[in-house]
Amino acid sequence: MEAAAVAAVLGFLLLAAAGSSAGDEAREAAAVRALLARLLGPGPAAAFSVSVERALAAESGLDTYRLSGGGAGARVRVLGSTGVAAAAGLHRYLRDFCGCHVAWSGSQLRLPEPLPAVQEELTETTPNRYRYYQNVCTHSYSFVWWDWARWEWELDWMALNGINLALAWNGQEAIWQRVYLALGLTQSEIDEYFTGPAFLAWGRMGNLHTWGGPLPRSWHLKQLYLQHRILDRMRSFGMIPALPAFAGHIPKALTRVFPQVNVTQLGSWGHFNCSYSCSFLLAPEDPLFPIIGSLFLRELTKEFGTDHIYGADTFNEMQPPSSEPSYLAAATASVYQAMITVDPDAVWLLQGWLFQHQPQFWGPAQVRAVLGAVPRGRLLVLDLFAESQPIYVRTASFHGQPFIWCMLHNFGGNHGLFGALEAVNRGPAAARLFPNSTMAGTGMAPEGIGQNEVVYALMAELGWRKDPVADLEAWVTGFAARRYGVAHKGTEAAWRLLLRSVYNCSGEACIGHNRSPLVRRPSLRMVTTVWYNRSDVFEAWRLLLTATPALATSPAFRYDLLDVTRQAAQELVSLHYGEARTAYLNKELVPLLRAAGTLVYELLPALDTVLASDHRFLLGGWLEQARAAAVSEAEARFYERNSRYQLTLWGPEGNILDYANKQLAGLVADYYTPRWELFVDMLVESLVQGIPFQQHQFDEKAFWLEQTFVFSTRRYPSQPQGDTVDLAKKLFLRYYPRLVAGSL
């Protein structure tokens, strides 16, 4: 594709968002000033002057901010071409001039007095149109139970990190309900179709139906309310909300109303049978397709307005009924045609995950058929897992369609230190320099948030950088100093070790999903190898503990100390499991009892106790979020069970077992530990009786334990107990000397 054509495609996307009134500029500036007051308080916020002027980006059309002023008696002036740009400029000042840090786990906002002066006026322009955020799955793994207060904080975080494009998918089931009723479905048929709240992401992509449902009436009302507030705040910052659109999946009940409808039942997904998967896909040529698509989008935009970008995924992790390019092109074109029937300015936001997930199906002809079925510039593709397995390099930059280079990073919202910082750092610049690149932005697309914040801090910063960070080691030590509010030799050394170990994953095997034996149903076949030297984690643990006298009052430091302690315990579980397995295979009873006994009766209880010292690692807090979303006790129990299922079995038969694993106090004690106890007991029994270990028999018994946890009504503390520093030290003193001596 010629450079001029590439420029034309990307230029279309700039024009699509251009043009706004002085009223919009004033509203966006007011939104950033309000954010500043929420972040710092009214007094400190008064030391800043915030304004928005579109003309700042007149030449490039790309988001731009300018910083100036500050110093004794002078206000810091922040000017942005949009509200998001102004917020990003504000964040740049707080980060680089004041040494502040804004984070999910706790912000460090100690401002110097007076505020440092910007000695030379600083102007920064983003190299690309978009900084995208979210994954369809994030809405289920992380956002599902949020109230407005939590959403407000997240939207502030998004603005400060320069996000200007994000999914806004709350409340869509309420709109679908209106459409389905208008088409003749009964309320009971609709209730039977929708999944439960914790599984809506996969209902929305056509992977599932019914499982975990039905949705209560109150759910629809609350989600409509939230969606209106979310959209209002996003638009007040100048962000672009991407709304959902019709992808072609329909409830089976529509075949009752329209018996002649042309549908194909797709295959099963995620080890679910057809009671919960095997969705019905409407044929692209069926006259009902444009009717349903336009009905939904018309009702949706009537309720929520529009910013002309819509997300839809027809074949996410599902094989199409035909590999014929003509069919794939028709299926794609029908989705787009339904969009532009209602909104002639529509741009389709497509997750490129389908091409990555089933590469054996999506050959060059099939990929080209999908990408070529929509006019260039009207399909915006998310290269969802580009830090590990980029698609743009094998599709000639998506055959001329604009794309966003995304970092996926986390699958299932797991805990576990993980990152590929070097790949993340180099990836966007490489994509920008790719021949005839149609890269239109950068993105963060985790399935679950609230972990490994260093990875997201770097990715957000890269959205405003033309080049990679030159020295990642210096960058990460600066990150630690801002995070804790002070530089410390111990923490700097610890972070350098983490950078070269857990945050230095490379190659195609790098997948951000925790498969540690700790969080998996035990077997004798579990893999314990890791891509890093475990001794680096243990040494980082020791170094962080040396900093506790100076930093113990920092909430972010306490979080990191606990997180590294948790990681160290995870490594210890792997080591003890390896010793127990070796002892069993060598038929050595005493070493088996020693290693397995330490794992089950010392290490796991100690880990649970440490986790219980921080509210961010409490099962009780997780479940209380779900219960708080309810309007009755019956609803609260229903939501809690949805949440318990997602964390553990995922489906009724352990269909995607432990995929969304977390390391939470209560979950370790009452879910992971009983499985390990059973496993150890059966290993010992096998050895004593001289009979082979029966994995199938163990799995059956383990499933009963897992179900027992899911259906339990036990309440867990939602307030922390114990002191993180003291408990981390105790765990360290118990195990570190054994590690050094080589005698676990």
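Is arginine 27 buried, partly exposed or exposed? I looked this up in what is a predicted model, and at 37% relative accessibility arginine 27 counts as partly exposed.

**Entry 1, the arginine 27 pair.** I then asked which residue arginine 27 pairs with, and found a salt bridge to aspartate 232, in which the closest N and O atoms are 2.6 Å apart. Since aspartate 232 belongs to helix α10 (residues 217-237) and arginine 27 to helix α2 (residues 22-40), the pair ties together parts that are 205 residues apart in sequence. Aspartate 232 is partly exposed as well, and I noted a relative accessible area of 44% for this residue.

I turned next to lysine 302 and glutamate 299, whose side chains meet in a salt bridge at 3.5 Å, N to O. Both sit in helix α12 (residues 288-304), and because they are 3 residues apart there, about one helical turn separates them.

Where do the partners arginine 675 and glutamate 706 lie? I recorded their salt bridge with the closest N and O atoms 2.9 Å apart, and found that it links distant parts of the chain, with arginine 675 in helix α27 (residues 667-689) and glutamate 706 in helix α28 (residues 695-711), 31 residues apart. Arginine 675 counts as buried at 1% relative accessibility, and glutamate 706 counts as buried at 0%. I also followed salt bridges that share partners, and these join Arg92, Arg95, Asp96, Glu124, Glu461 and Arg465 into one network. For the structure as a whole I noted 40 salt bridges.

How many residues does the largest nonpolar core have? I noted 259 residues, and the ones with the most contacts inside this core are Leu165, Trp202 and Trp650. Helix α23 (residues 555-585) gives the most to the core, contributing 14 residues. I then listed the neighbours of leucine 165, leaving out residues up to four places away in sequence, and found that leucine 165 touches Tyr130, Arg131, Tyr132, Tyr133, Ile240, Ala242, Ile309, Leu349, Leu380 and Ile404.

Definitions and conventions
Residues numbered from 1 in each chain as written. Predicted model: local features only at pLDDT ≥ 70, side-chain atom pairs only at ≥ 80, totals over all residues. Heavy atoms only, no water. Core = buried A, V, L, I, M, F, W, Y, C linked by side-chain atoms within 4.5 Å. Buried < 20%, exposed > 50% of the residue type's maximum accessible area, 1.4 Å probe, protein only. Helix = DSSP H or I, 4+ residues; strand = E, 2+ residues; numbered from the N terminus. Contact = heavy atoms within 4.5 Å. Salt bridge = Lys/Arg side-chain N within 4 Å of Asp/Glu carboxyl O.
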